[in-house]
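Subject: The structure you wanted to look at

Hi,

Here is the structure, ready to open in your viewer.

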Amino acid sequence: MHKLGLRGRKFFLTPVCLVPNGRAHLGHVAGPLLKMDVLRRHLLRAGAEVKMVSVSDVHESHVLIKAYVEGSTPATVANRFSAQIAQDLAALGIEYDDLINPLDREWAGTYDKVNRDFLNGIIRSGNAAVRSEPLPILAETGGAPAPEGAWRPGVGDPIVSGWLKGRCPYCEQPLVGFFCESCGGHFSPSQMQNPATAYFPGTLRFEDRTSLFLDLRKGAPAILEHLEKAQVRRDFIEIAKRYLDANGSSIRLTVPSPWGIPFEHPEVSKGQVIFSYSALLIGCHFVAGERYRQLTGSELNPLARESDVTCVLSFGIDNTVPFLVGAVGCALGQEMYKPMDHFLVNYFYDLDGSKFSTSRGHVIWAGDIVTLGGAEVDLVRAYLCLRNPEFGRLTFRADEFLQFHNELGARMAAVTNEALRTAASATAWDPGVMRYLEVELGLQTDFLTPATFDLAGAFSCVERWLQRTPALHVTADAAAAWLYGFALLAWPILPKAAQRVWTALGLPGTPSLEQTERGFVKPESGNGTYRTLTRAELNACLPASLRR
Ligand SMILES: [Zn+2]
């Protein structure tokens, strides 16, 4: 099993930064977040040095909008939801080494400096250009003025980002802001069909304003070359390519807003901040890299050009152009940081056949399925790996989840408890079972390698191990080896069950491949059960429309 070991290898995992205008829901978890915790545990199991750090995307425009809608300040909104998001993810065993709120006094200075230095690096390298474009300007307006502490655009202000609604110029779907969630398109406000104010009545006129744009001299081929080198999936490269074909290697770097990291330049219109879907988007991960540096005592940011740390980032399909064009393009346009080594991607995750929607209340908050719904953390994770939107749009179905939860929980408790009884008199790990385990771990390792990442595949290895129980429990030594294999295979996905078995086997720490070299330990005893969930319990975390 030593050939599966990763001792000496270093990894920096940095999941997409969530916008703190609401809590984390199961769509976020099933999409870009759970997979990073599964990868983290897999790498730790193999003996690698791993840190997982991300940042709260506090300066996204919807934080400002949420503050206007609820009559509070954007900092209040960002701080409240940053804390709730951290709780939601912890409830599902998604363990960040740190999840930074850049509004915290401890991080505000670093966040500001890293992002300014990064943008200035792009400008210094000659890869940015000031451009004039027609922007929608508020001509007349009505509606409520902003309450004390909140802000909304006034007459004469540009209406952009989440304040602007209309239809996508490519697919004609309704949307707000610069990006189309339906087709992944990114466009300028002047291209939008039927542009109008989104949160208050008003009329618009168009006026030329100047902003800063990426103007990568190496052009689109340099971006595409990096995406192939990073082994980004073909279906996602196609989305980036469609944008590059239409726009070249150019994307917005600054945007009019009073909320964000201010950007002043003599040729750029006043009142702009660093755009949260290109330079700031990846800049936040460089800030997370500074936290990695603190945690590991490393000299370099893991994303520095000269760093030997393997860096992996995860995002969903709606962020394809921002990451694959914006983040990669910006990183290729300066000298300090390298573009990400690997991207893990996903399609949309639906709830009972339609999109998760905070505004419609069509949502299951991540922590609630455990705290209100009474589900077992392990079994939620296993279901989300089995029904995962990595390769296409997929949906969470409450009935299917309930059946899966109770069936797998009962089966897993029965076989592990029986094996623990059988293994009590073991004196060694059965060599035949250990050979089978090596094959299964090798396969699961391939499923958890960034270029061939496949969560359902990784879970299938656990499922196969459970199904082979009758053949692998014949003797005490076989049962002991089977339990050892179960703990190793299950830990990335079902950490609680795996840890319980590992500890019952008398083994130290968390499940680790290196125990194979350290050798057999006499099993202790242990027992575990999973809750049987009722539909009435599960209802407590479901939106009203799905309760039955
Ligand atoms: Zn579209």
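Let's start with Ile369. Setting aside residues up to four places away in sequence, Ile369 touches Leu26, Leu92, Ile364, Gly374, Ala375, Val380, Phe396, Phe401, Leu538 and Cys541. Keep in mind as you click around that this is a predicted model.

Ile369 also belongs to the largest nonpolar core, which has 194 residues. Along with Leu384, Phe396, Phe486 and Leu494, Ile369 is one of those that touch the most other members. The biggest contribution to this core comes from helix H15 (residues 476-490), with 13 residues. As background, nonpolar side chains in soluble globular proteins tend to be buried together.

**The sheets**

There is an open sheet of five strands in the order S3-S2-S1-S12-S13, and the pairing is parallel. Strand S3 (98-100) and strand S13 (342-346) are at the edges with a single partner strand each, so one side of each has no neighbour in the sheet. From one strand to the next, the twist averages 20°.

Strand S1 (residues 10-15) is mostly covered, with five of its six residues buried. S1 is joined to strand S2 (residues 49-55) by four bridges, and the two run parallel. If you want a pair to look for, Leu13 has Met52 in S2 as its bridge partner. Further along the sheet, strand S12 (residues 310-316) pairs with S13 over five bridges, in the parallel sense. There, Ser314 stands opposite Leu344 of S13. H1 lies across S1, S2, S12 and S13, and runs at about 165° to S1.

Another open sheet has three strands, ordered S15-S14-S16, with mixed pairing. Its edges are strand S15 (354-355) and strand S16 (394-396); each has a single partner strand, so one side of each is left without a neighbour in the sheet. Strand S14 (residues 349-351) runs parallel to S16, and three bridges join them. Asp350 has Thr395 in S16 as its bridge partner.

**Helix H16 and what it packs against**

Which residues of H16 are buried? They are Pro495, Ala497, Ala498, Val501, Trp502 and Ala504. These buried residues pack against helix H1 (26-45), helix H10 (377-386), H11, H15 and helix H17 (515-518). After H16 comes Gly506, with a positive phi near 80°.

The axis of helix H11 (residues 398-422) comes within 11 Å of the axis of helix H16 (residues 495-504), and they cross at roughly 5°. That crossing angle is why H11 counts as roughly parallel to H16. On the H11 side the contact is made by Met412, Thr416, Asn417 and Leu420, and on the H16 side by Ala497, Arg500, Val501 and Ala504. By type, the residues of this H11 and H16 contact are five nonpolar, two polar and one charged.

With H10, the axes come within 7 Å of those of H16 and cross at roughly 125°. H10 is therefore oblique to H16. Here Val377, Asp378 and Arg381 of H10 meet Pro495, Lys496 and Ala497 of H16. The residues of this H10 and H16 contact divide into three nonpolar, no polar and three charged.

Phe323 sits in helix H8 (residues 320-332). Is Phe323 buried or exposed? Its relative accessibility is 0%, so Phe323 counts as buried. Apart from neighbours within four places in sequence, Phe323 is in contact with Val16, Leu281, His285, Leu313, Phe315, Val328 and Phe343. If you'd like a distance to check in your viewer, the C-alpha atoms of Phe323 and Val77 are separated by 25 Å, and the two residues are 246 residues apart along the chain.

Gln444 is in helix H12 (residues 431-447). With a relative accessible area of 0%, Gln444 is buried too. Leaving out residues up to four places away in sequence, Gln444 touches Arg45, Ala458, Cys461, Val462, Leu488 and Leu489.

Cheers

Technical notes: Residues numbered from 1 in each chain as written. Predicted model: local features only at pLDDT ≥ 70, side-chain atom pairs only at ≥ 80, totals over all residues. Heavy atoms only, no water. Core = buried A, V, L, I, M, F, W, Y, C linked by side-chain atoms within 4.5 Å. Buried < 20%, exposed > 50% of the residue type's maximum accessible area, 1.4 Å probe, protein only. Contact = heavy atoms within 4.5 Å. Axes fitted to C-alpha atoms, helices over the stretch in contact; angles between N-to-C directions. Parallel < 35°, antiparallel > 145°, perpendicular 65-115°, else oblique. Nonpolar A, V, L, I, M, F, W, Y, C, P; charged D, E, K, R; others polar. Pairing = 2+ DSSP bridges.
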